[in-house]
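Hello,

Here is the structure I promised to pass on to you. Have a look at it first, and then read on for what turned up in it.

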Amino acid sequence: MIHSADIREWRNRDVIDPKGRKIGALEGVYVDTTTDAPSMATVRAGLPARHRLVFVPVDEAILGPGYVRVAYSKEQVRKAPSMGTDDVLPMDREEEIFKHYDRPYEPGAERGRRLSRG
């Protein structure tokens, strides 16, 4: 299990898929407001001049030396809902992210928001 205290150490690590293919660099971690556990990460992906942040669940992630291995393929993560690198996740897009990964969604404890930047 990944603990919230480890979050500070994750930033800028490579995010890789189960086959070891690099998806991008970890930008931030969002915690579930109902459990305070890390739930989703944003991954900086795309071309250097056109980066975007894509979301990926981290509940099954494995931390290694210099990388975070997620349980989802590079293709699935790259097709996930995204936002600009300077944007803030709108609450009405949270459900879209959960659906992309076939995960159940219920509004959270913090004013209905399920994800909060950790």
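Arg11 is partly exposed, because its relative accessible area is 46% (buried means under 20%, exposed over 50% and partly exposed in between, with a 1.4 Å probe and protein chains only). Before going further, please note that this is a predicted model, in which local features need pLDDT of at least 70 and side-chain atom pairs count only at pLDDT 80 or more, while totals for chains, interfaces and linings use all residues. Residues are numbered from 1 along each chain as its sequence is written, and side-chain values use heavy atoms, with hydrogens and water left out.

Back to Arg11: this residue forms a salt bridge with Glu27, and the closest N and O atoms are 2.6 Å apart. Arg11 sits in the loop between helix H1 (7-10) and S1, while Glu27 belongs to strand S2, so the pair ties together parts that are 16 residues apart in sequence. A salt bridge here is a side-chain nitrogen of Lys or Arg within 4 Å of a carboxyl oxygen of Asp or Glu. Helices (H or I, at least four residues) and strands (E, at least two) are DSSP runs, numbered from the N terminus. Glu27 counts as buried because its relative accessibility is 13%. A network of salt bridges links Arg11, Glu27 and Arg44.

Strand S2 (residues 22-32) deserves a look of its own. Of its 11 residues, 10 are buried, so the strand is mostly covered. How is S2 joined to other strands? Three bridges connect strand S1 (residues 14-16) to S2, and the two run antiparallel; strands pair if DSSP finds at least two bridges between them. Here Ile16 stands opposite Lys22. The hairpin of S1 and S2 has five residues between the strands, and Gly20 takes a positive phi near 85° there.

Six bridges join S2 to strand S3 (residues 38-45), again in an antiparallel arrangement. Gly28 faces Thr42 of S3 as its opposite residue. In the hairpin of S2 and S3, with five residues between the strands, Asp36 has a positive phi near 60°. S2 also runs antiparallel to strand S8 (residues 115-117), with three bridges between them. Leu115 in S8 is the bridge partner of Asp32.

Now for helix H3 (residues 94-100), where Glu94 is found. Is Glu94 buried or exposed? Glu94 counts as buried, because its relative accessibility is 0%. Its side chain makes a polar contact with the side chain of Tyr105 at 3.0 Å (a pair of N or O atoms within 3.5 Å; within protein, one must be able to donate a hydrogen and the other to accept it, and residues adjacent in sequence count only if both atoms are side-chain atoms).

There are eight salt bridges in the count. One of them joins Glu95 and Lys99, at 3.6 Å from N to O. These residues are four apart in helix H3, so about one helical turn separates them. Glu95 is partly exposed at 36%, whereas Lys99 is exposed at 54%. Glu96 and Arg93 also meet in a salt bridge, at 2.9 Å from N to O.

Lastly, Val88 lies in the loop between strand S7 (82-83) and H3. Val88 is exposed, with a relative accessible area of 69%. Its C-alpha atom is separated by 9.4 Å from that of Arg117, 29 residues apart along the chain.

Best wishes
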